[in-house]
Amino acid sequence: MRNNVEILAPAGSRESLEAAVHAGADAVYLGGKRFGARAYADNFGEEELLSAIDYVHIHGKRLYLTVNTLFKEKEMEELYSYLVPCYREGLDAVIVQDIGAMDFIREAFPALPVHVSTQATVTGVYGAAFFQEKGAVRIVPARELCLGEVKGIKEQTGMEVECFVHGALCYCYSGQCLFSSLLGGRSGNRGQCAQPCRLPYMVRDHKKRDILSLKDLCTIDMLPELIETGIDSFKVEGRMKQPDYVYTVVSMYRKYADLYQEHGKKGFAISDRDKNFLQGSYKRRGYTRGYYKQHNGKDMISFYRPEESPGEGLPVPQYKMQEKINGKLILSKGERVKLYIGTKETNIFCEGDRVQQAQKQPLDAARIEKQMRKTGSTEFVFEQLDVLAEKDIFLPVQSLNELRRDGIRKLEEQILAGYCREIQGDERKSLKDQFREPEEMQPELSVLVTDRMYLDLVLGDKYIDTVYVDENTGFDAVRTGNKGKKVFLAMPYIFRENAVSRWNKLYSEIVRCFDGVLVRNIDGFQWLKKKGYPKEIRSDDNLYVFNRWSKKAVKDMGITRFFAPAELNGRELKELGIVGEGLIVYGNHPVMISANCIQKNTKGCLGKEKRLYLTDRYQKKFAVKNWCTDCYNVIYNCQPLMLLSQSGEIKGLHPGELRMDLTFESLKEAEQLIRIFGECFKENLSVPVPDMDYTKGHFKRGVK
């Protein structure tokens, strides 16, 4: 039986931080005013952050700072100065999504542990091993993993594993959602999600339901299994929630984790009263055990918004939490008063004023002890205080107070000194002058096809240089000759155990039939690396390259060309530098990748691909494809991206490749679009934009 499970609490405010420590959390995670994935929490300014770090350390806890957004190029220049004060103060770890930011932190702050955010969409051993090689010590895997997959990560890498045990669940794999971003400009990758998934949508029968809204996670009765799986840290979601929620949830998970670790399964049982307190602390959508024992299912969905009802959790204690200390006070006439105080780990000594001969009212030990125990608003309280005083002595009360304050101040300084770090010189880094951009070139025109019906058209078209095909188009379709085109196999958006098993069997065919591979996640890339894949690897736009550090990271990985992310505008793409890289200029962009299934949750599983549509309150239709081979859904934007009218700006960026994604177009529409884009970008002709409903995406507006 394991006895070292960490209870990790959220804190969106100082009140929540103190509630978490009161409740028995071992560690707290929180965000500052910048770079956190919860931009609308209260969050902490610099002085508040430093005070929070000191507070948890005084109480023997740990603090992790979220810097888990994607960083724009200019923001990378600010990251160093943002982290320096916290690093010096003894910050215990940072939680990171951006692979460029991770490399920057590892180089600038080598003693600062890095935890990989769930936003990085790590779905298995391969992804975890990749980040382990980059120096990360802890992985927060995708919430969609089952217990067996989590156990595999722990056993095969030995990394610390942190998993969510309670709180809100996203419908989408974290880090793979552009729904809020493309609809309203509020990016989940930048901490500003507007939660369009919580709104009602119609499917088929015109019946409005909250089909994308998951119930909240509650795993209190699964704690024995979670502990034995090897999870190191039990994470509670809720940086946007109130202190009483934090106190209640952390208290319950602390209580029952300890109960199991002390008494085992025979002594483990959740009382109805405690479960009511736990689930009553935040009443929204009902509760689910999440994905630990099931891949998906309608019982995980909250189809209708219940009536609002206030939470009924445990009240946060109003008394101040203080650490117990022991002390010894020695008073001898003519000598300076001596004070020894300390904890089990830290002890200090200090002296005060000289003890005098009493003239009228001598001090007795009881009165001295009473005065010295007045630790008030400090973080300490005397558990034991021995007073050794001669008879007939006198010392002003003010002198005792000053001695007590001086001793507690020195004790606090001594405790905190053990956490503080020094920085050797100024480690700010810039990559602006370290890249040799490829020479400007005429961009290639490529097409990604998700349906076999497009293959003959794109393989025979004069404008197309490269074709990307999804696995479901069939390997035999490209064996008979590719008519001078490069053909790349597009890997699945999600690369879990089932995909690994299947692709292991297909590996030799993949090498033989295709000129290269397009990767869409770190797990898939690492699998190819471990296989010793000999051909070209390119990365899709959802393997985000937001800054020059992440650009360098993917190049160091051996990726020959990346596709620029959808959330950078033209100016930001220029700052990043996409000379010789890829840019998507047309297509219905995926806005969500989900382990849940619209088909299964409405009409039942068919076991084969079925296109459905979600209709929102504005009558916009979002196509949904169920990829049954690996059992995930892709939800596409309601409008295709169209960047024909931006051709001049795009040419000025000098990308090496412009890609069109064909998903729902008829063959006639596809042929027309390829011709228009070919004439525009290959022949430099002025062409009209087709008369159709489309979006310019973020090329102009970008995201905050």
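This is a predicted model: local features need pLDDT of at least 70, side-chain atom pairs count only at pLDDT 80 or more; totals for chains, interfaces and linings use all residues.
H4 covers residues 99-108 and H16 covers residues 548-557; their axes come within 7 Å and cross at roughly 95 degrees. The two helices are therefore roughly perpendicular to each other. Axes are lines fitted to C-alpha atoms, for helices over the stretch in contact, and the angles run from 0 to 180 degrees between N-to-C directions. Helices (H or I, at least four residues) and strands (E, at least two) are DSSP runs, numbered from the N terminus.

Some housekeeping: residues are numbered from 1 along each chain as its sequence is written, and side-chain values use heavy atoms, with hydrogens and water left out. Local features need pLDDT of at least 70 and side-chain atom pairs count only at pLDDT 80 or more, whereas totals for chains, interfaces and linings use all residues.

On the H1 side, Glu 15, Ser 16, Ala 19, Ala 20, His 22 and Ala 23 take part, meeting Pro 243, Val 246, Tyr 247, Val 250, Ser 251 and Arg 254 of H9. This contact divides into seven nonpolar, three polar and two charged residues.

Helix H6 spans residues 147-157, and its buried residues are Leu 147, Glu 149, Val 150, Gly 152, Ile 153 and Thr 157. Buried means under 20% relative accessible area, exposed over 50%, and partly exposed in between (1.4 Å probe, protein chains only). Those buried residues pack against H5, strands E6 (138-139) and E7 (160-167), and helices H8 (223-229) and H14 (497-513). Just after H6, Gly 158 has a positive phi of about 75 degrees.

What about disulfides, meaning pairs of cysteine sulfur atoms within 2.5 Å? A search of the whole structure turns up zero of them. For Cys 146, the closest cysteine sulfur is that of Cys 163, and at 11 Å this is too far for a bond. Cys 218 is in no disulfide either, with the nearest cysteine sulfur, again in Cys 163, 16 Å away. Cys 146 is partly exposed at 27% relative accessible area, whereas Cys 218 is buried at 5%.

Now for the loops. Most residues other than glycine have a negative phi. Thr 121 is not a glycine, yet has a positive phi of about 55 degrees. Thr 121 sits in the loop between strand E5 (114-116) and helix H5 (125-133), and is buried at 4%. Asp 392 also has a positive phi, near 55 degrees. Asp 392 lies in the loop between strands E17 (380-389) and E18 (393-394) and is partly exposed at 42%.

Technical notes
A disulfide is a pair of cysteine sulfur atoms within 2.5 Å. Contact means heavy atoms within 4.5 Å. Ala, Val, Leu, Ile, Met, Phe, Trp, Tyr, Cys and Pro count as nonpolar, Asp, Glu, Lys and Arg as charged, and the others, Gly among them, as polar. Angles under 35 degrees count as roughly parallel, over 145 as roughly antiparallel, 65 to 115 as roughly perpendicular and the rest as oblique.
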